[in-house]
Amino acid sequence: MSNKTTPDQIIEAADQLFYQRGFEHTSFSDIANAVQISRGNFYYHFKSKDKILDAVIQLRLANIQKMLDKWQSEAEQPEDRIRSFIHILIMNQTKIKDYGCPVGTLCTELAKLDHGSQAAANELFSLFRNWLRRQFELLGHETNADRLAMHLLARSQGIATLANAFHDEKFIKQEVRLMSDWLDSQIA
């Protein structure tokens with residue numbers, strides 16, 4: 001039996017379903033069934049799907065921040081921290097192949113819906129962007145650190161999108177090697 005509260009279970013189930021099916025195609029019933037609670041109990045905790053989305057975004061922000069903090073503490077050199085970012089594509093290649101990037105797919109869907117939570121979801125990318133910018137600054141690229149951070153973010157998103165479209169894990173591995181080579185050229 002889980003030690004997690006019912007709201008936490010709902011948020012985690014919604015997070016997975018939003019990633020796998022999309023926000024728009026996930027219903028209250030889908031989430032309630034995943035958590036195995038009645039719809040009445042579900043509504044007691046969350047009055048709207050938008051409230052659940054807000055909680056999912058907050059969960060993802062917290063999880064990303066924890067991951068970035070871990071990379072920061074585990075690697076002494078900024079280039080090694082950046083490699084951790086690059087290698088996240090390998091770590092999550094099966095999910096990426098099946099569903100795309102959880103950040104990119106959510107932000108894209110909310111943009112298409114012109115959803116009120118779009119700006120909050122975009123903060124997920126901002127966490128990565130700001131962290132990568134800081135790493136490139138530490139590498140000595142103060143004047144173009146943001147451009148390099150955005151390049152790396154854009155490239156990783158493109159890789160995730162194409163790997164999902166073509167269901168191709170080999171493509172991910174090939175592109176991660178090329179991104180690592182690119183990073184080496186930025187260090188030299």
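Guide: Start with Lys 97, which sits in helix H6. The model is a predicted one. Lys 97 counts as buried because its relative accessibility is 19%, and the cut-off for buried is under 20%. Leaving aside residues up to four places away in sequence, Lys 97 touches Ala 163, Asn 164, His 167, Asp 168 and Glu 169.

Asn 164 is among the residues nearest the centre of the second largest pocket, together with Tyr 99, Gly 104, Thr 105 and Thr 108. In total, 16 residues line this second largest pocket, and its volume is about 260 Å³. Two or more lining residues come from each of H1, H7 and H9. H7 gives the most, with 6 residues. Sorted by class, the lining of the second largest pocket holds 6 nonpolar, 8 polar and 2 charged residues.

The space in the largest pocket comes to about 630 Å³. Its lining consists of 22 residues, and Ile 64, Met 67, Ile 88, Asn 92 and Pro 102 are the closest to the centre. By class, 14 residues of the lining of the largest pocket are nonpolar, 5 are polar and 3 are charged.

In soluble globular proteins, nonpolar side chains tend to be buried together. The largest nonpolar core here has 56 residues, and the members that touch the most others are Ile 31, Ile 52, Phe 85, Phe 136 and Leu 152. At least two residues of this core come from each of H1, helix H2 (28-35), H4, H5, H7, H8, H9 and helix H10 (169-187). H4 provides the largest share, 10 residues.

Not counting residues up to four places away in sequence, Ile 31 touches Ile 10, Ala 13, Ala 14, Leu 17, Phe 18, Thr 26, Phe 42 and Ile 52. Ile 52, one of these contacts, is also listed among the core members with the most contacts to other members.

Methods. Residues are numbered from 1 along each chain as its sequence is written. This is a predicted model: local features need pLDDT of at least 70, side-chain atom pairs count only at pLDDT 80 or more; totals for chains, interfaces and linings use all residues. Side-chain values use heavy atoms; hydrogens and water are left out. On a 1 Å grid over the protein atoms alone, a cavity is a set of points where a 1.4 Å probe fits but cannot get out, and a pocket is an open set with protein on both sides within 12 Å along at least five of seven lines; lining residues have an atom within 4 Å of a point. Grid points are joined across faces, edges and corners, and a volume is the space filled by probe spheres set on the points. Ala, Val, Leu, Ile, Met, Phe, Trp, Tyr, Cys and Pro count as nonpolar, Asp, Glu, Lys and Arg as charged, and the others, Gly among them, as polar. Helices (H or I, at least four residues) and strands (E, at least two) are DSSP runs, numbered from the N terminus. A nonpolar core is a set of buried Ala, Val, Leu, Ile, Met, Phe, Trp, Tyr and Cys residues joined through side-chain atoms within 4.5 Å. Buried means under 20% relative accessible area, exposed over 50%, partly exposed in between (1.4 Å probe, protein chains only). Contact means heavy atoms within 4.5 Å.
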